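Colleague: Before we discuss any labels, could you put the model up so that I can follow along?

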Amino acid sequence: MANSTAVTAGATSGSSISDYIQLLKPITWFPPMWALMCGLVSGGITPLSHPWLFVFGIVLTGPLVCGASQIINDYCDREVDAINEPDRPIPSGRVSEHRAFQFAIAWSLIAQLWSFTLGIWVACATALGLIFAWAYSAPPLRLKQNGWWGNLSVAISYEGLAWVTGAAIAVGGDLPASSILLIALLYSLGAHGIMTLNDFKAIEGDITIGIRTLPVQLGAKKAARLACLVMLLPQIAVLGLLQSWDFTLAAALVATLIAGQFLAMLRFLQNPKLLAPWYNGIGVTQYVAGMMVTACALGGYLV
């Protein structure tokens, strides 16, 4: 992992706490923290009823697990960042490669140790999430180089495992009910499409550095149609499950949110490269709202 040409490998021009926080990328923590909250609610608890469980869970999925994945990604992408983002802590020399690698290992271990305090199934989900984090960025797998596998690993980690972690915390560290696991799986699969939306912004750059995202492999229009289909089908399956479980109000709300996304997709498909950020704000917001509606139904708060 330590092959460096463009990066100042031994430079340590005075690392500060802010450099290490920058490696953790706090802006990326929200999606898994939201999925964790969905998991907690689906397991029958709220921030008011169990505030400390919420705090412990959010710290685990946001700063620790997601933060670890960002350190790993920065370390493994240091060569690319030296060209595209030379001001990042590693290529700029503010954090040495050796120190960044130690930070990634230490933070992964802290996340795993923290998870054991919340139960065995929480620890299992955390271990799987950390394995995906390393597999996504680090060779030999480096899943991020292929849009199919890279997006799937992130979708499972950010949505499914975070949701299962929250639900497991809610039930005392045990394995959540099969209905919760099924819903978490479906929203994970749908999130694969959300991950594809992020790949429209740098198609030319990804071609240059050899990252085969779905827009690179399929072209922008085909990838956009596929992303929409991948986002819609699992939500339609969730809708069917909610109706079959007699969560009529939740089913009606989720159906409304799906309809809103469909209308937004019609516009997005007209120019995917230009409108992907717009759809992220309009369509994905409705997607994650549907997640919480479903969680409230499973937790008994929306009947």
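Modeller: Let us begin with S157, which touches G129, F132 and A162 if residues up to four places away in sequence are not counted, where contact means heavy atoms within 4.5 Å. This is a predicted model, in which local features need pLDDT of at least 70 and side-chain atom pairs count only at pLDDT 80 or more, while totals for chains, interfaces and linings use all residues. Residues are numbered from 1 along each chain as its sequence is written, and side-chain values use heavy atoms, with hydrogens and water left out.

Colleague: Why does S157 count as buried?

Modeller: The relative accessibility of S157 is 17%, so S157 counts as buried, since that term means under 20% relative accessible area, with exposed being over 50% and partly exposed in between (1.4 Å probe, protein chains only).

Colleague: What makes helix 5 roughly antiparallel to helix 6?

Modeller: Helix 5 (residues 97–116) and helix 6 pack at an angle of about 160 degrees, with their axes 7 Å apart. Angles over 145 degrees count as roughly antiparallel, under 35 as roughly parallel, 65 to 115 as roughly perpendicular and the rest as oblique, and therefore helix 5 is roughly antiparallel to helix 6.

Colleague: And why is helix 3 called roughly parallel to helix 6?

Modeller: Helix 3 (residues 51–76) and helix 6 (residues 120–137) pack at an angle of about 20 degrees, with their axes 8 Å apart, and that angle makes helix 3 roughly parallel to helix 6. The residues of this contact of helix 3 with helix 6 divide into 10 nonpolar, 4 polar and no charged.

Conventions. Axes are lines fitted to C-alpha atoms, for helices over the stretch in contact, and angles run from 0 to 180 degrees between N-to-C directions. Helices (H or I, at least four residues) and strands (E, at least two) are DSSP runs, numbered from the N terminus. Ala, Val, Leu, Ile, Met, Phe, Trp, Tyr, Cys and Pro count as nonpolar, Asp, Glu, Lys and Arg as charged, and the others, Gly among them, as polar.
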